[in-house]
Amino acid sequence: MKLKYIIPILFIALFTVSCSSDDDSDTIINEVENLKKIQELTNATHTVELFNTSGKFETGYNAISIRIKDNGTNNYVENASLSWMPVMQMPTMKHSSPKSDILKSLGKKTLYEGFIIYQMANLDGSGWSLKVDYTIDGINYSVDSDIIVMQSEYQNVTSFMGADDTRYLIAMIEPQTPKIAINKLKLGLFKMETMMSFPVVEDYKITLDPRMPGMGNHSSPNNTDLTYNLANKMYEGNLSLTMTGYWVLNLKLLNTLDEVLKGENVTEEHPKSSLYLELEF
Ligand SMILES: [Cu+2]
(Lines give C-alpha, C1' and ligand atoms only; values in the text may rest on other atoms or scores of the structure.)
Protein backbone atom coordinates (compact mmCIF):
# COMPACT_ATOMS: atom_id res chain seq x y z
CA MET A 1 0.00 0.00 0.00
CA LYS A 2 1.23 3.48 -0.83
CA LEU A 3 2.07 5.89 1.96
CA LYS A 4 -0.68 8.33 0.93
CA TYR A 5 -3.26 5.62 1.72
CA ILE A 6 -1.66 4.46 4.95
CA ILE A 7 -1.62 7.85 6.64
CA PRO A 8 -5.37 8.52 6.34
CA ILE A 9 -6.11 4.99 7.56
CA LEU A 10 -3.83 5.46 10.57
CA PHE A 11 -5.49 8.79 11.28
CA ILE A 12 -8.97 7.27 11.16
CA ALA A 13 -7.85 4.45 13.44
CA LEU A 14 -6.42 6.86 16.02
CA PHE A 15 -9.48 9.08 15.87
CA THR A 16 -11.80 6.12 16.41
CA VAL A 17 -9.81 4.91 19.41
CA SER A 18 -9.80 8.30 21.09
CA CYS A 19 -13.52 8.69 20.48
CA SER A 20 -14.44 5.43 22.12
CA SER A 21 -12.15 6.06 25.11
CA ASP A 22 -13.93 9.41 25.56
CA ASP A 23 -17.24 7.59 25.82
CA ASP A 24 -15.86 5.18 28.39
CA SER A 25 -14.48 7.95 30.59
CA ASP A 26 -17.82 9.71 31.12
CA THR A 27 -17.78 8.91 34.83
CA ILE A 28 -14.26 10.24 35.49
CA ILE A 29 -14.60 13.71 33.98
CA ASN A 30 -11.93 16.08 35.26
CA GLU A 31 -13.33 19.51 36.16
CA VAL A 32 -10.33 20.66 38.22
CA GLU A 33 -7.65 21.11 35.51
CA ASN A 34 -7.00 24.73 36.44
CA LEU A 35 -7.13 24.20 40.20
CA LYS A 36 -4.66 22.93 42.78
CA LYS A 37 -5.65 20.54 45.54
CA ILE A 38 -5.33 22.05 49.01
CA GLN A 39 -6.23 19.01 51.07
CA GLU A 40 -8.43 15.92 51.31
CA LEU A 41 -10.78 15.30 54.25
CA THR A 42 -11.55 11.60 54.54
CA ASN A 43 -14.11 9.50 56.40
CA ALA A 44 -15.14 5.85 55.95
CA THR A 45 -17.37 6.50 52.93
CA HIS A 46 -16.05 9.57 51.12
CA THR A 47 -13.06 11.77 50.36
CA VAL A 48 -13.87 15.48 50.37
CA GLU A 49 -11.34 17.26 48.13
CA LEU A 50 -10.66 20.99 48.56
CA PHE A 51 -9.20 23.07 45.70
CA ASN A 52 -8.27 26.65 44.88
CA THR A 53 -5.85 28.37 42.50
CA SER A 54 -2.86 28.44 44.88
CA GLY A 55 -3.19 25.03 46.54
CA LYS A 56 -3.08 26.49 50.05
CA PHE A 57 -5.18 28.35 52.59
CA GLU A 58 -4.01 31.81 53.66
CA THR A 59 -5.48 34.48 55.92
CA GLY A 60 -8.07 36.59 54.14
CA TYR A 61 -10.54 35.62 51.44
CA ASN A 62 -10.27 32.05 50.11
CA ALA A 63 -12.44 31.00 47.16
CA ILE A 64 -12.74 27.21 47.43
CA SER A 65 -13.93 24.47 45.07
CA ILE A 66 -15.02 21.13 46.52
CA ARG A 67 -15.43 17.63 45.14
CA ILE A 68 -16.75 14.53 46.96
CA LYS A 69 -15.42 11.13 45.93
CA ASP A 70 -17.25 7.94 46.84
CA ASN A 71 -14.49 5.76 48.31
CA GLY A 72 -16.28 2.58 47.18
CA THR A 73 -16.75 3.41 43.50
CA ASN A 74 -14.19 6.24 43.00
CA ASN A 75 -17.00 8.24 41.36
CA TYR A 76 -17.60 11.90 42.16
CA VAL A 77 -20.91 12.74 43.78
CA GLU A 78 -23.10 15.04 41.67
CA ASN A 79 -26.12 15.55 43.93
CA ALA A 80 -24.80 16.45 47.39
CA SER A 81 -25.87 19.39 49.51
CA LEU A 82 -23.11 20.70 51.74
CA SER A 83 -22.41 23.05 54.62
CA TRP A 84 -19.21 23.79 56.51
CA MET A 85 -17.83 25.15 59.76
CA PRO A 86 -14.24 26.37 60.08
CA VAL A 87 -13.05 26.52 63.70
CA MET A 88 -9.90 28.00 65.20
CA GLN A 89 -8.84 26.54 68.55
CA MET A 90 -7.06 29.20 70.57
CA PRO A 91 -5.45 28.79 74.01
CA THR A 92 -8.52 29.91 75.95
CA MET A 93 -11.41 29.75 73.47
CA LYS A 94 -12.44 28.78 69.97
CA HIS A 95 -14.06 30.78 67.20
CA SER A 96 -15.20 30.45 63.62
CA SER A 97 -14.87 32.86 60.67
CA PRO A 98 -17.03 34.39 57.92
CA LYS A 99 -18.04 31.88 55.27
CA SER A 100 -20.46 31.57 52.36
CA ASP A 101 -23.01 28.89 51.63
CA ILE A 102 -21.74 26.08 49.41
CA LEU A 103 -23.38 25.94 45.99
CA LYS A 104 -22.96 23.74 42.93
CA SER A 105 -20.50 25.41 40.56
CA LEU A 106 -22.28 26.79 37.51
CA GLY A 107 -22.11 24.40 34.56
CA LYS A 108 -20.14 21.74 36.49
CA LYS A 109 -21.19 18.20 37.34
CA THR A 110 -18.87 17.32 40.19
CA LEU A 111 -17.81 20.70 41.64
CA TYR A 112 -19.25 22.77 44.46
CA GLU A 113 -17.93 26.14 45.61
CA GLY A 114 -17.94 28.79 48.30
CA PHE A 115 -15.57 30.98 50.30
CA ILE A 116 -14.06 31.15 53.78
CA ILE A 117 -12.36 34.25 55.24
CA TYR A 118 -9.71 33.23 57.79
CA GLN A 119 -9.12 36.28 59.96
CA MET A 120 -5.97 35.02 61.69
CA ALA A 121 -3.33 32.31 61.62
CA ASN A 122 -0.61 30.86 63.80
CA LEU A 123 2.91 31.22 62.42
CA ASP A 124 3.19 27.46 61.80
CA GLY A 125 -0.28 27.30 60.16
CA SER A 126 -1.79 25.27 63.01
CA GLY A 127 -5.00 25.88 64.95
CA TRP A 128 -7.73 25.67 62.31
CA SER A 129 -10.00 22.74 61.54
CA LEU A 130 -12.79 22.37 58.99
CA LYS A 131 -15.99 20.35 59.46
CA VAL A 132 -18.00 19.59 56.33
CA ASP A 133 -21.53 18.22 56.69
CA TYR A 134 -23.17 16.87 53.55
CA THR A 135 -26.29 15.00 52.49
CA ILE A 136 -26.49 12.54 49.59
CA ASP A 137 -29.79 10.89 48.69
CA GLY A 138 -31.25 11.78 52.09
CA ILE A 139 -28.35 10.35 54.11
CA ASN A 140 -26.26 12.67 56.30
CA TYR A 141 -22.46 12.45 56.43
CA SER A 142 -19.78 14.47 58.14
CA VAL A 143 -16.02 14.88 57.96
CA ASP A 144 -13.84 16.95 60.26
CA SER A 145 -10.11 17.52 59.97
CA ASP A 146 -7.29 19.88 60.87
CA ILE A 147 -6.34 22.26 58.07
CA ILE A 148 -3.27 24.43 57.53
CA VAL A 149 -3.82 28.20 57.25
CA MET A 150 -0.76 30.39 56.67
CA GLN A 151 -0.39 34.11 57.38
CA SER A 152 -0.66 36.31 54.26
CA GLU A 153 2.20 38.72 53.69
CA TYR A 154 -0.08 41.78 53.63
CA GLN A 155 -3.13 42.76 55.68
CA ASN A 156 -6.00 41.65 53.43
CA VAL A 157 -8.40 41.15 56.34
CA THR A 158 -8.90 43.06 59.58
CA SER A 159 -10.99 42.44 62.68
CA PHE A 160 -11.82 45.42 64.92
CA MET A 161 -14.18 46.83 67.54
CA GLY A 162 -16.55 49.53 66.26
CA ALA A 163 -17.69 52.62 68.19
CA ASP A 164 -20.97 50.75 68.68
CA ASP A 165 -19.15 48.05 70.73
CA THR A 166 -19.68 45.52 67.95
CA ARG A 167 -16.79 43.50 66.56
CA TYR A 168 -16.57 43.70 62.75
CA LEU A 169 -14.41 42.10 60.10
CA ILE A 170 -13.49 43.57 56.70
CA ALA A 171 -11.80 41.47 54.02
CA MET A 172 -10.51 42.23 50.53
CA ILE A 173 -12.17 40.07 47.89
CA GLU A 174 -11.08 41.91 44.72
CA PRO A 175 -8.77 42.84 43.10
CA GLN A 176 -6.94 39.50 43.31
CA THR A 177 -4.47 40.73 40.68
CA PRO A 178 -4.21 44.55 40.97
CA LYS A 179 -3.29 46.54 37.86
CA ILE A 180 -2.22 50.10 37.06
CA ALA A 181 -5.79 51.14 36.36
CA ILE A 182 -9.10 51.82 38.03
CA ASN A 183 -9.55 48.47 39.77
CA LYS A 184 -12.88 47.22 41.03
CA LEU A 185 -12.50 47.03 44.82
CA LYS A 186 -14.76 44.46 46.45
CA LEU A 187 -14.80 44.12 50.24
CA GLY A 188 -16.74 41.82 52.55
CA LEU A 189 -18.11 43.31 55.80
CA PHE A 190 -19.17 40.93 58.58
CA LYS A 191 -20.29 41.27 62.17
CA MET A 192 -19.03 38.91 64.88
CA GLU A 193 -22.46 38.07 66.27
CA THR A 194 -21.12 35.21 68.37
CA MET A 195 -17.86 33.26 68.37
CA MET A 196 -19.37 30.98 65.71
CA SER A 197 -21.59 33.34 63.68
CA PHE A 198 -20.38 36.09 61.30
CA PRO A 199 -23.33 37.42 59.26
CA VAL A 200 -22.93 39.95 56.42
CA VAL A 201 -23.58 43.58 57.46
CA GLU A 202 -25.83 45.35 54.94
CA ASP A 203 -26.20 48.97 53.82
CA TYR A 204 -23.23 50.51 55.64
CA LYS A 205 -20.69 52.64 53.79
CA ILE A 206 -16.90 52.28 53.53
CA THR A 207 -14.82 55.29 52.48
CA LEU A 208 -11.56 54.76 50.60
CA ASP A 209 -8.30 56.73 50.54
CA PRO A 210 -5.41 54.70 49.03
CA ARG A 211 -1.92 55.99 49.76
CA MET A 212 1.71 55.09 48.99
CA PRO A 213 3.59 55.56 52.28
CA GLY A 214 6.93 54.98 50.54
CA MET A 215 6.35 57.94 48.21
CA GLY A 216 5.32 60.86 50.42
CA ASN A 217 1.99 59.18 51.19
CA HIS A 218 0.52 60.34 47.87
CA SER A 219 -2.97 59.29 46.88
CA SER A 220 -4.55 58.77 43.45
CA PRO A 221 -7.41 60.33 41.48
CA ASN A 222 -10.87 58.92 40.72
CA ASN A 223 -11.33 56.63 43.71
CA THR A 224 -14.90 56.10 44.90
CA ASP A 225 -16.28 55.11 48.28
CA LEU A 226 -17.79 51.65 48.63
CA THR A 227 -21.50 50.94 48.75
CA TYR A 228 -23.38 47.74 49.45
CA ASN A 229 -24.36 45.57 46.51
CA LEU A 230 -27.39 43.51 47.49
CA ALA A 231 -26.85 41.09 44.57
CA ASN A 232 -23.51 39.71 45.83
CA LYS A 233 -23.71 40.93 49.46
CA MET A 234 -20.39 42.77 49.10
CA TYR A 235 -19.20 46.39 49.14
CA GLU A 236 -17.97 47.79 45.84
CA GLY A 237 -16.12 50.90 44.71
CA ASN A 238 -13.29 52.07 42.44
CA LEU A 239 -9.68 51.74 43.52
CA SER A 240 -7.27 53.83 41.44
CA LEU A 241 -3.70 52.48 41.40
CA THR A 242 -1.39 54.81 39.48
CA MET A 243 1.83 52.82 39.90
CA THR A 244 3.13 49.48 41.13
CA GLY A 245 4.38 49.15 44.71
CA TYR A 246 3.08 49.07 48.26
CA TRP A 247 -0.32 50.71 48.89
CA VAL A 248 -2.26 51.27 52.10
CA LEU A 249 -6.03 51.40 51.58
CA ASN A 250 -7.18 53.75 54.34
CA LEU A 251 -10.81 53.08 55.20
CA LYS A 252 -13.59 54.45 57.37
CA LEU A 253 -16.67 52.40 58.25
CA LEU A 254 -19.98 54.30 58.52
CA ASN A 255 -23.28 52.82 59.67
CA THR A 256 -26.69 53.50 58.09
CA LEU A 257 -26.94 56.77 60.08
CA ASP A 258 -23.58 57.91 58.61
CA GLU A 259 -21.93 57.63 62.02
CA VAL A 260 -18.24 56.68 61.83
CA LEU A 261 -17.70 53.33 63.59
CA LYS A 262 -13.98 53.03 62.85
CA GLY A 263 -11.23 54.85 60.97
CA GLU A 264 -10.04 58.45 60.50
CA ASN A 265 -9.23 60.83 57.65
CA VAL A 266 -5.63 60.83 56.44
CA THR A 267 -3.86 64.12 57.20
CA GLU A 268 -0.26 65.37 57.55
CA GLU A 269 -0.37 64.64 61.28
CA HIS A 270 -2.33 61.40 60.91
CA PRO A 271 -0.86 59.56 57.90
CA LYS A 272 -2.75 56.29 58.35
CA SER A 273 -6.30 55.38 59.34
CA SER A 274 -6.70 52.88 62.19
CA LEU A 275 -8.84 50.92 59.71
CA TYR A 276 -6.85 49.86 56.65
CA LEU A 277 -5.95 47.07 54.26
CA GLU A 278 -2.70 46.62 52.32
CA LEU A 279 -1.60 45.40 48.92
CA GLU A 280 1.56 45.30 46.84
CA PHE A 281 1.88 44.54 43.17
CU1 LIG B 1 -8.09 32.77 66.42
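## Overall dimensions

The protein has a radius of gyration of 24 Å, whereas a compact globule of 281 residues would have one near 19 Å. The radius is taken over C-alpha atoms, and the globule rule is 2.2 Å times the number of residues to the power 0.38. Along the principal axes, the C-alpha atoms fill a box of roughly 90 × 50 × 35 Å.

## Basis of the model

This is a predicted model, in which local features need pLDDT of at least 70, side-chain atom pairs count only at pLDDT 80 or more, and totals for chains, interfaces and linings use all residues. Residues are numbered from 1 along each chain as its sequence is written, and side-chain values use heavy atoms, with hydrogens and water left out.

## Secondary structure and sheet

The protein contains 1 helix and 20 strands. Helices (H or I, at least four residues) and strands (E, at least two) are DSSP runs, numbered from the N terminus.

Two strands pair if DSSP finds at least two bridges between them. Between strand 2 (residues 46-52) and strand 4 (residues 60-70), the antiparallel pairing runs over 6 bridges; His46 has Asp70 in strand 4 as its bridge partner.

## Burial and contacts

Of the 281 residues, 42% are buried (under 20% relative accessible area, 1.4 Å probe, protein chains only). Among contacts (heavy atoms within 4.5 Å) with a separation of 6 or more, 58% join residues 24 or more positions apart.

Definitions and conventions. Buried means under 20% relative accessible area, exposed over 50%, partly exposed in between (1.4 Å probe, protein chains only).
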